[in-house]
Amino acid sequence: MVVSVLFISLIAFETMAVATAMPYIVDILDGKNLYALAVGITLAMQLMTSALAGPWADARGPKPVFYAGVILSSVGLSIAALAPNIEWVVVGRAIQGLGSGLLIVPLYVLVGQHVHPDRQPRFFAAFATAWVLPSLVGPFIAGVFVEHSSWRLVFGMAPIIFALIMPLAIVQFRKFNNGRPAQPVRVGKIFWYALVAGVGIVLLQMVSAHEGAYTPSTYLTLGIGLALAMVFAKLLLPTGTFRAARGVPATVLLRGTTNGALAGVEMFLPLMLKELHGWSATQAGLVMTVSSISWAIASNVQGRISDPRLRDAIPVTGVVVFSFGAALTMFAAWPSITGVVVLVGWFFAGLGAGYVYPALSVHALGLMPPERHGEVSSALQIADTLGASVLIAVGGIVFALTGFLGHLSFAIPIGLMVTIMVSLIFVTTRLHPDEEE
């Protein structure tokens, strides 16, 4: 358990640190046009390999999958740390994303194969807790690196720690055998669907990096990317997800879109505080910290609610609170209004997201028999990655298109995410399969 928690904590730290530091890194490297691409490409690449991780682990055991994930993540982070320009940071982030998609699944498989069912909840609780401390200290440490040392440490520290703890991991993993002979890796259709959807998302993110007026080729790239992402994403998710069919499809849609809107707003907050309010990296990192605190509070509260009627009210309450908080951050797009409003708004947004997000996992699992829990869990994970990567790309495109509006260009993509979240109030009425379509 200790080794697994160490790796998950390191992944969590890297996620929070990069989110805090990226506005300052693109400024240092004179690559602001690639900001959305540098933030979002990791998720797009992660989608591709996360669909491979499961079949690979089933066929060859979880250990080779995990080792490949560590190697790819370390290579990508090292490239980003040594990057001479922002383009190489993007390349490193893409390779890091390929590795990230291979890291978590094998750890869950190891628990499923080698830990007694009675002890498994303790392991999964520890995995969730492993995100808490990095969420609190990661932004602060990233700010210190950027302000007082070097931004390169934001990427470069993780590969060093990986190298230090890998010998311990290898020793521990040797205690577990694969349980059966290695089988051929049959990736199946889901891998190819994820691969093509990921390509479509990368194309969308490339459009967000376009400078100057959009040309016919830019719009063509946008159309192809959108078509690939939507058509093949539909094949990755439960039937009826995009039309919010009652039950699991609507639940998956709500979960993925909530995660996407969260990422789509959060991407702009440190950048807005830096550009419009002159906040340092350490100060801007407080955005991540306050939402992590409120998320943990709300998640704990919803976990204590057992009354079915009160649990049924969680989704709409969470969506409304999140929308209110995210809308509040928009006021900071006016330089005359204090940036503190971002911290207040994002605290409420964290409350709303933390309230609804874990409750949807419980709800989705409760709708399906135990033998289909893996299928539902996979759909939720894919929806999370799709939602975040697509809405980051969409937000980046809107930001680029409205750049001529000056400070208002921050309010418009955030306003779009709020509008999307408000529309989800309708979806919260369709989470139970209690009426015929």
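Which helix is Asp384 found in? Select Asp384 and you land in helix H18, residues 373-401. Helices here are DSSP runs of H or I with at least four residues, strands are runs of E with at least two, and both are numbered from the N terminus.

Before moving on, some ground rules. This is a predicted model, where local features need pLDDT of at least 70, side-chain atom pairs count only at pLDDT 80 or more, and totals for chains, interfaces and linings use all residues. Residues are numbered from 1 along each chain as its sequence is written, and side-chain values use heavy atoms, with hydrogens and water left out.

**Stop 1: Asp384**

Is Asp384 buried or exposed? Asp384 counts as buried because its relative accessibility is 6%. The cut-offs are under 20% relative accessible area for buried, over 50% for exposed, and partly exposed in between (1.4 Å probe, protein chains only). Now show the contacts, meaning heavy atoms within 4.5 Å. Leaving out residues up to four places away in sequence, Asp384 touches Arg255, Gly256, Asn259 and Tyr357.

**Stop 2**

Next, select residues 314-329, which make up helix H16. Its 16 residues reach 23 Å from the first C-alpha to the last, close to the 22 Å expected at 1.5 Å a residue. That expected span is 1.5 Å times one less than the number of residues. Buried residues in H16 include Ile314, Pro315, Gly318 and Phe322. Colour the partners too: the buried residues of H16 pack against helix H11 (248-266), helix H12 (269-277), H14, helix H15 (308-312), helix H17 (340-366) and helix H19 (408-427).

Zoom in on Phe322. Not counting residues up to four places away in sequence, Phe322 touches Ala261, Leu262, Trp346, Phe348, Ala349, Gly352, Ala353 and Met421.

**Stop 2: the nonpolar cores**

A nonpolar core is a set of buried Ala, Val, Leu, Ile, Met, Phe, Trp, Tyr and Cys residues joined through side-chain atoms within 4.5 Å. The largest one has 122 residues, and Phe7, Met22, Phe155, Phe322 and Trp346 touch the most other members. Helix H1 (residues 2-28) gives the largest share of this core, 13 residues. There is also a second, separate core of 6 residues, with Ala53, Val65, Ala68 and Leu102 among them.

**Stop 3**

Leu133 sits in H7 and counts as exposed because its relative accessibility is 56%.

**Stop 4: Leu98**

Jump to Leu98 in helix H4, residues 86-100. With a relative accessible area of 23%, Leu98 is partly exposed. Beyond its neighbours within four places in sequence, Leu98 is in contact with Met45, Thr49 and Leu72.

**Stop 5: two loop residues**

Finish with Asp30, in the loop between H1 and helix H2 (35-60). Its phi is near 55°, a positive value in a residue other than glycine. Asp30 is exposed, at 71% relative accessible area. Then try Ala244, in the loop between helix H10 (216-236) and H11. Phi of Ala244 is near 55°, but Ala244 counts as buried, at 4% relative accessibility.
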